[in-house]
Amino acid sequence: MSDTAYFTPAETIAANVAQLLGERARSVSVVRGEVTLVVAASDYLEVMQTLRDAPQTRFEQLIDLCGMDYSTYGDGRWEGSRFAVVVHLLSVSLNHRLRVRVFCPEDDFPVVDSVSGLWSSANWYEREAFDLYGIVFEGHNDLRRILTDYGFIGHPFRKDFPLSGHVEMRYDAERQRVVYEPVTIEPREITPRVIREDNYGGLH
């Protein structure tokens with residue numbers, strides 16, 4: 001029997017998720033064969049546990065989690081919450097996938113629940129989103145920076161973070177330690193050499 005016999009159509013996955021979650025699903029959409037579920041931050045942890053445990057979904061694996069900053073999305077026309085967390089789930093037993101998006105209620109102090117207690121793989125992903133976007137994961141047992149230096153200021157994946165950063169870091173041989181210094185890179189205007197038309201090369 002071919003592998004396609006075990007493949008669940010995206011529309012079927014979307015219908016099952018919508019029926020399972022009811023009003024807790026703010027939206028369930030299918031775009032290019034991929035299913036995206038949007039939930040409220042207040043329902044996020046409960047929904048994620050349901051998606052993991054319910055027999056019709058059985059998402060045993062969390063394969064990716066990242067932060068998003070929508071402040072410049074759509075050339076500044078975005079009117080929703082600034083920060084979101086996007087999670088990709090995989091059901092090995094049912095051979096289907098799901099993207100879950102949850103928006104942080106507050107822009108000034110973005111917070112959502114941690115799902116590291118449901119999937120241990122979320123641990124470092126949540127630390128990365130905290131480090132790069134400043135999103136706080138409530139209930140995470142070790143929420144520390146994971147990619148930037150201990151004394152790093154700010155969150156480098158936020159759209160308002162300067163491209164050159166706030167300081168330069170280098171190792172000083174005389175002092176035998178890392179030192180921070182003012183930025184020496186001069187700001188410059190970045191203009192793309194090629195402005196590609198819509199659907200260039202068949203891309204959408």
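Trainee: What span does helix H3 have from its first C-alpha to its last, and what would be expected at 1.5 Å a residue?
Mentor: Helix H3, residues 122-133, has 12 residues and reaches 16 Å, close to the 16 Å expected, where the expected span is 1.5 Å times one less than the number of residues. Helices here are DSSP runs of H or I with at least four residues, strands are runs of E with at least two, and both are numbered from the N terminus. This is a predicted model, in which local features need pLDDT of at least 70 and side-chain atom pairs count only at pLDDT 80 or more, while totals for chains, interfaces and linings use all residues. Residues are numbered from 1 along each chain as its sequence is written, and side-chain values use heavy atoms, with hydrogens and water left out.

Trainee: Which residues of H3 are buried, and what covers them?
Mentor: The buried residues of H3 are Ala122, Glu126, Arg127, Ala129, Phe130, Asp131, Leu132 and Tyr133, with buried meaning under 20% relative accessible area, exposed over 50% and partly exposed in between, for a 1.4 Å probe and protein chains only. Their cover includes strands E3 (61-69), E4 (83-91), E6 (111-113) and E7 (136-138). After H3 comes Gly134, with a positive phi near 80 degrees.

Trainee: Switching to H1, which of its residues are buried?
Mentor: In H1, they are Ala10, Ile13, Ala14, Val17 and Leu21. They lie on the same side of H1, because they cover an arc of only 100 degrees around the axis, the arc being that of the directions from the helix axis to the C-beta atoms. An α-helix has 3.6 residues a turn, so residues three or four places apart point the same way.

Trainee: And what do those buried residues pack against, and which exposed residues sit on the face turned away?
Mentor: The buried residues of H1 pack against strand E1 (27-31), strand E2 (34-39), helix H2 (44-53) and strand E5 (96-103), whereas the face turned away carries the exposed residues Glu11 and Gln19.

Trainee: Which residues touch the most other members in the largest nonpolar core?
Mentor: Leu37, Tyr44, Met48 and Leu51 do, in a core of 35 residues; a nonpolar core is a set of buried Ala, Val, Leu, Ile, Met, Phe, Trp, Tyr and Cys residues joined through side-chain atoms within 4.5 Å. At least two residues of this core come from each of H1, E2, H2, E3, E4, E5 and H3, and H1 gives the largest share, 5 residues.

Trainee: What is Leu51 in contact with, leaving aside neighbours within four places in sequence?
Mentor: With contact meaning heavy atoms within 4.5 Å, the partners of Leu51 include Val17, Leu20 and Leu21, as well as Leu37, Phe59, Leu89, Leu98 and Val100.

Trainee: New topic: where is Ser164, and why does it count as partly exposed?
Mentor: Ser164 is in the loop between E7 and strand E8 (167-172), and it counts as partly exposed because its relative accessibility is 34%. Its C-alpha atom is separated by 8.9 Å from that of Thr184, 20 residues apart along the chain.

Trainee: How many bridges join E8 to E9, and which residue is the partner of Glu168?
Mentor: The antiparallel strands E8 and E9 (residues 177-182) are joined by 6 bridges, given that two strands pair if DSSP finds at least two bridges between them. Glu168 has Glu181 in E9 as its bridge partner. The hairpin of E8 and E9 has 4 residues between the strands, and Gln176 takes a positive phi near 55 degrees there.
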